[in-house]
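Reader: Hi! Could you walk me through this one before I set anything up?
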Amino acid sequence: MAPMRTLLDYLRLEEASRGTKEGCGEGDCGACTVSLGSLKDGRLVYEPVNACILLLGQVDGKEVVTVDDLSQGGRLHPIQQAMVDSHGSQCGFCTPGFVMSLFALYQSGVAADRQVVVDQLAGNLCRCTGYRPIVEAALASCTGRPDDAWSKARGETEKTLAGLDDGSDLFIGDDNGFFAAPASDEALAQLTEKHPDAVLLSGATDVGLWITKQLRDIGKIIHLGRMRSLCRVAETADAVTLGAAVTYAEAERALGSIDPDLAELLRRIGSKQVRASGTVGGNIANGSPIGDTPPALIALGSELELRKGTVTRAVALEDFFIAYGKQDRAPGEIVASVRVPKLKRDEAFRCYKITKRFDQDISSVLAAFKFTLDGRRIASARIAYGGMAATPKRAAKTEAAVQNLSLDDAAGWNQAADCLSEDFQPIGDHRASADYRMQTARALFIKALTEISGEATRNTRVTGVRELVDAG
Amino acid sequence: MPAEVKRFTTETVGLALAHDSAALHVQGRAIYIDDMREPEGTLHVAPGYASEGAKGRITRCDLDAVRNSPGVVAVLTAADIPGVNDCSPAMGDDPIFAEDEILFHGQVVFAVVAGTHDQARRAARRARIEIAKDPAAITVEDALEQGTPDVLPPYEFRRGEPEKRIAAAKMRLSDSFHVGGQEHFYLEGQVAFAMPEEAGGMTVYSSTQHPSEVQHCVAKMLGVADAFVTCECRRMGGGFGGKESQAAQWAALAALGAHKTGRPVKCRLDRDDDMIMTGKRHDMRIDYDAAFDKTGRLTAVDASLLSRCGYSADLSLGVNDRAMFHSDNAYYYPAVSIESRRLRTNTVSNTAFRGFGGPQGMMLAERMMDAIAHRLALDPLHVRKRNFYGPKRDRTPYGMKVTDNIIAEVVAELEKTSDYYARREAIKDFNAKNRILKKGLALTPVKFGISFTLIHLNQAGALVHLYTDGSVHLNHGGTEMGQGLYIKVAQVVAEEFGITPDRVKITATTTGKVPNTSPTAASSGSDLNGMAAKEAASQIKKRLIAFAEREWQVAPDQIRFEKGRVIIANQSMSLGELAKRAHQARIQLSATGFYATPNITWNRDKVKGKPFFYFAYGASCSEVTIDTLTGEMRVDRVDILHDVGRSLNPAIDLGQIEGGFVQGMGWLTTEELVFDKEGRLRTHAPSTYKIPCASDVPADFRVKLFASPGNLANTIYRSKAVGEPPLMLALSVFSAITDAIAALKPGTAPPLEAPATPEAILKAVKAMSA
């Protein structure tokens, strides 16, 4: 097995399993979606993933279900039949990906409503139908009562997968080139020490593109997905701590419970496919400029634990990002976990993501605010922005200026907002101009205070209305 | 209104049948070109281009590292082409490989043939190409400023002297705005597979809307006669105009690779390369002056459409002509001048895209309606209706009389079913109460001319075989890109024989069966190919009837083909039984059919004639909410009423309407093409170029077919073309956003530009409060 082999190339080129399509090769269109079955807390869960940027080694120990598997004995799967009945395909090229995203939803046992369906499909692009018939097919078939070969075999599959999970280290290749998936801290420490030049891989939602788009040669890959110690979500009364290899999907519930805005932000990070693979830790560790979570985590006061061998150190998240593409991480050092404090009673949080398209897009501006309140007085503030500088960054001057202002002092907020132009000198690019970024950064600051001072978000937002998120 | 359409009934035509490949699509068993099992020894070709530079002489082209890259079998340049180095549709100005100079960033300079797709792509990156950069014209403004020669001469429609009327008018406005381009984003990228045949022949499987053009391009490139090249296409994973002329270059690369190596060669573009190297919808700057009266009725329009064509002509003649043909949309312009400039820029050559310039032209019309209404503080719908074509106001700017106008009826019905006026009041109320959020509402019409304006393209051929078991083999010149053409034509043929469509075997479009075809474009697929296939089937049927008359001594009116049986006087037999008897009697059971659209003329030089066989109509009503702090926008509800005549297949037509609308909505809202100053496309992947996704479509989306008695023009079963017209229904979204912004300052027309991204909306919002 070549270390860089993607699951999609394996399926199409080696197995000649060609129902699964390549649409973009970067995990944005979903045509290559397959369903991955794995055990989460002992229970079998199917998740959609983008096969184009998933490395073959990452599916070790998991069940891969592709569109080629679905119809059996000449009978269409209920998802497939619903898609035919509702005229859900036109050119048909995106269709296998839609079917497999819906297959995962079908197996989840959730009785889907429209919002659930469009969330499930945010990572599947269709250029022909306008989606209405696909959504209808999903509503007709994903009724919460899975009844197919996979649901019937659930117990058996769980046993098989549990049997594969033997806690052993995986190493394919030799010292010059390998795909390794260590299972223990010791094995990982040894590997990183011996191969400080190896690429640490968690979800491959970014590294995958180094391979498929930048055509880099990555000879040595250390995959963190088998590291139990890095896959834990720990929740205490005052914080959520995520192991670095926890996926967005696994983190969603615990992190989202901190605040509805954070839940909404997580819903809008990538797509179901991206969140099933991508990890919060990986997103932070490679300092990807397209990280939309860090500003929110910085505003909340998050802290990283870094580990090299057995030596650990803590660093405030905002201090980890040194410059564009440069992080406070030594060769061989790994991000072990991120600790996200929960909100205290006197703290109010707001977070906004500005994009051209609401779902599965990368922000032009991301703004996150945590105000500590003393009655109607702002006792202190943590404010962080993405898209306004080369790294996610706190608005130090604005934080100082807003301190001690009243929630009723709109004129004062406006003055404080002027400090944003001292905190940031954004650049213009294909996502937005510098002017727009500055104007919007300011507008979001005012919006956050407007909301916190009492305005209902149904009057201030076209998306992510908190009252609706609260209502579930 | 003219006489009613004669009544008729059908068995199969008009049924809401599933797409013929639906069951294959959902199983992943529909075979696209990249899914075909490669013959042994298949190689892969990838194009290469200069990483820097949009215009300039090539000063260095070092391909040694490419040649030495693992797996490389051959490197191709212009010098390897035995015939003509051109893949243009007409003008001879699109080199397959750039030779001495680069005219846009991403222009192909060489191609590399290797053992695998990955090896070819990796090798292609190793070229060292240097360009002596000249100043490049990237935007329309650059081209105007630099005075680059236009790709094609300007063209004008004129009636009267609008300039004089405008100068003398009490009420007038003068405006200029930009309309963005659009990437097709077909989910299946450009792909072709070439198989070398004996004696210099070549078979090319191409994902193309125009197999004949691919055939001609490959033959010309190889320097062989057309008859030596066959091009076949079973289906495309989406086309939208992007595979009309743009498929040829990749087919040519595959064919050249196959010619050079003697082995089968596949060319499949990586998505980013596809977006960088292939043309898009023309973006335009539109300048206009208009005069109107106090009721909002236009008295004169003087407009110019300044179009970014890119580095070569491609299909810019037809596209920009069609923009002019639709600059009136459904409105009468008493005195008018519509001028079109086809500007040359150092960007990829823009091309066909669903609507073919029509949407850009209609933007002018709707922009004017909104601007007049907001200026006069009138309801934009009133202004629209004041300006509709009507009795004595029925001549288009190009002189054709509109004789099938139903826009007033369509709009009247939608006005009612969408509850327009009650919602108008509710929105006023909402806007009065809300400081940050504003709502807007708009109901806009569509009138779209059907026929290729290049008249000779309005023809089609078909080939039908009846086998002796009663099954039918169907072939025609139209291609399937998801629009459901194949099932519609199969329904027509099934109807003719009185059989169910599953007895009709649909086969891949190939230049070997039906030659000299037109592109599947201009919404014409089912109009043209449906008629041609009906004609072919009807010939066979006539022979069978004549045979039955002789054989069973019955009168022709005693013979009927229905419900899968043939009724001959008092006996009934299967079509297969009759076919077998006819075959034994040596009756030919195969026929070709041909159709040419009647009664259309167009003299482009004299601006005279009737270029359209008929018009398709529709209307849509959209409601949106904008955030005046950030420019974010949500579409709340959409109502559509669209005229497809008598539908050949309502399920397929509904799919075209909904899909077209959503694609148009993307064009006008989230889809933004950004070129930097160096001429590099910065939005060359779905990570940066955002087509609508499922959540962008409003939950409240009500789409209905207009209850039509049938097309007044004698089309196939009185249906109407549906491929392109619905895209322009999305103009209501843009107008609704304009309406929402207008709420900030009544009496002022918002200067909104398309696409209405959050940034564009915020800019217009700020301009209103400035």
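Author: Happy to; below we go through the chains, a contact, some domains and a few residues.

Author: This is a predicted model, where local features need pLDDT of at least 70, side-chain atom pairs count only at pLDDT 80 or more, and totals for chains, interfaces and linings use all residues. Residues are numbered from 1 along each chain as its sequence is written, while chains are lettered from A and ligands numbered from 1 in the order in which they are written.

Reader: Thanks! How many helices and strands does chain A have?
Author: Chain A has 21 helices and 18 strands, taken as DSSP runs numbered from the N terminus (helices are H or I, at least four residues; strands are E, at least two).

Reader: And what is the radius of gyration of chain A?
Author: It is 23 Å, close to the 23 Å from the globule rule for 472 residues, so chain A is as compact as a globular protein of that length. The radius is taken over C-alpha atoms, and the rule is 2.2 Å times the number of residues to the power 0.38.

Reader: How much of chain A is buried?
Author: 57% of its 472 residues count as buried, meaning 20 or more other C-beta atoms, placed from the backbone, within 10 Å of a residue's own. In helix α12 (residues 260-267) of chain A, eight of eight residues are buried, including D261(A), E264(A) and R267(A).

Reader: Nice. How many residues does each chain put into the contact?
Author: Chain B gives 70 residues and chain A gives 66; two residues are in contact if their C-beta atoms, placed from the backbone, lie within 7 Å. On the chain B side, the largest share, seven residues, comes from α17(B). That side has 29 nonpolar, 22 polar and 19 charged residues. Here Ala, Val, Leu, Ile, Met, Phe, Trp, Tyr, Cys and Pro count as nonpolar, Asp, Glu, Lys and Arg as charged, and the others, Gly among them, as polar.

Reader: Switching to domains, how far apart are the C-alpha centres of domain 1 and domain 3 of chain B?
Author: They lie 38 Å apart, with bounds from an automatic or database domain assignment. Even so, 18 residues of domain 1 of chain B are in contact with 14 residues of domain 3 of chain B.

Reader: Last one: is D283(B) buried or exposed?
Author: D283(B) is buried, because 23 other C-beta atoms lie within 10 Å. D283(B) sits in the loop between α8 and β13 (284-292) of chain B. Leaving aside neighbours within four places in sequence, D283(B) is in contact with residues including H178(B) and R308(B).

Note on methods. A residue is buried if 20 or more other C-beta atoms lie within 10 Å of its own, exposed if 12 or fewer, and partly exposed in between; C-beta atoms are placed from the backbone.
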